Amino acid sequence: MAAIYVSICVILGIASTINGRPRTEDERVMIDEFLPALLDRLQNNPEYAFLLDSPLKSTRQKISPVQQQENWPENNLKLGQVAGVAVDSNGDVLVFHRGDREWGARSFDYNNELSQIEQNKGPIRNDTILRLNQNGTVIQRLGANRFFMPHGLTVDKKGNLWVTDVGLHQVIKIPADPKETGLVLGEAMKPGSDNEHFCKPTDVAVASNGHFFVSDGYCNGRIMKFTKDGMPIKSWGKPSNNPVEFAANDELFIPHSITLIEESNLVAVADREHGRIQLFTAGITDPNDTGRFVKSISNSRFGRVFAISYDPTDKMLYVVNGPTGQNKVEGFTVGLDGNIRDTWGPRNMNFDEPHDVSVSPDGHHVYVAEIRPNRITKFNK
């Protein structure tokens with residue numbers, strides 16, 4: 001305790017002498033009255049543990065640096081615009097890309113329908129979904145002649161794949177067991193805003209109980225929650241192109257990515273053009289408590305928030321932004337308190353246009369998908 005006392009006195013500049021002279025009686029009384037309370041506060045607040053010469057250790061978690069793995073994936077892997085990436089429980093990496101198709105300024109008409117020119121091309125002939133092992137070798141290809149404009153990709157704990165196609169305006173579940181029946185939500189090629197339609201849905205997050213959330217997306221600015229069988233539970237949020245300073249908490253300017261923080265009963269949404277992450281209740285145990293705003297995470301360094309992925313092993317959000325002309329395009333490790341703990345990116349180069357990010361279930365790897373250049377990058381931590 002004496003060591004703590006001296007340490008604090010030195011820090012505060014109030015040791016037995018002040019500016020080379022003995023303490024006055026008033027200074028001694030002030031120190032003796034207030035120092036015990038200060039010590040008590042420091043000892044019981046882990047954030048200040050580093051100030052104390054005591055066994056108390058700070059609970060501020062040490063974050064492992066995120067570093068790129070070189071020569072991954074295999075050199076001859078050819079990809080189109082890489083829209084989505086996910087990692088399954090075995091550590092296999094799933095990639096959702098657009099093959100020979102690109103989303104350009106004329107891909108959609110003013111009604112948000114895929115242009116007739118794009119529809120006439122038919123579905124993408126390439127295998128749009130690739131499964132890579134941890135060494136970066138392709139071990140499975142699927143999805144040819146099925147999708148028009150791939151966007152989001154998620155894999156649930158049972159290994160089922162969930163994808164969104166903004167051209168089809170659909171959310172599709174591809175079961176891990178081919179004998180099981182899949183699930184298709186939304187009417188093909190028909191955008192809408194009721195419970196049976198989407199308008200360019202962007203991403204899916206699946207809870208342990210099978211309930212899933214859809215960020216719907218470019219037009220509707222809403223989040224939708226469904227039962228495992230695809231029955232709607234709740235919808236919230238509304239589109240807004242207001243500057244973030246004037247946007248309400250449930251106004252979303254392209255909810256582009258979504259991730260669950262199940263242990264905290266939260267669903268996190270990347271509100272892309274507002275440059276923020278909105279946290280809402282997920283209703284994991286109480287479905288009636290779904291969609292209630294909890295917190296906003298924002299930072300001027302974000303710019304536009306393209307994708308987020310939560311790692312329960314270190315309780316961090318992994319975030320990638322996109323080009324704005326002002327902000328550096330990079331990855332962020334962000335605590336749920338909103339503080340940026342680390343920034344990261346490819347070695348000896350920069351990200352160009354990150355579109356998705358995913359953390360492996362064991363928390364050891366982070367993967368970033370980019371639509372320009374068309375690549376997938378692996379990071380270790």
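**Pockets and cavity**

The second largest pocket has a volume of about 380 Å³, where a pocket is an open set of points on a 1 Å grid over the protein atoms alone, with protein on both sides within 12 Å along at least five of seven lines. Grid points are joined across faces, edges and corners, and a volume is the space filled by probe spheres set on the points. The model is predicted: local features need pLDDT of at least 70, side-chain atom pairs count only at pLDDT 80 or more, and totals for chains, interfaces and linings use all residues. Residues are numbered from 1 along each chain as its sequence is written, and side-chain values use heavy atoms, without hydrogens and water.

Lining residues have an atom within 4 Å of a point. In the second largest pocket they number 19, with Asp156, Lys158, Asn160, Lys173 and Gly210 nearest the centre.

The largest pocket has a volume of about 710 Å³. Of its 32 lining residues, Val155, Thr259, Ser309, Tyr310 and Val359 lie nearest the centre.

About 40 Å³ of space lies in the largest cavity. Its lining includes His151, Asp203, His256, His355 and Asp356, and β8 gives the most to that lining, with three residues.

Methods: 1 Å grid on protein atoms, 1.4 Å probe; cavity = no way out; pocket = protein on both sides within 12 Å on 5 of 7 lines; lining within 4 Å. Helix = DSSP H or I, 4+ residues; strand = E, 2+ residues; numbered from the N terminus.
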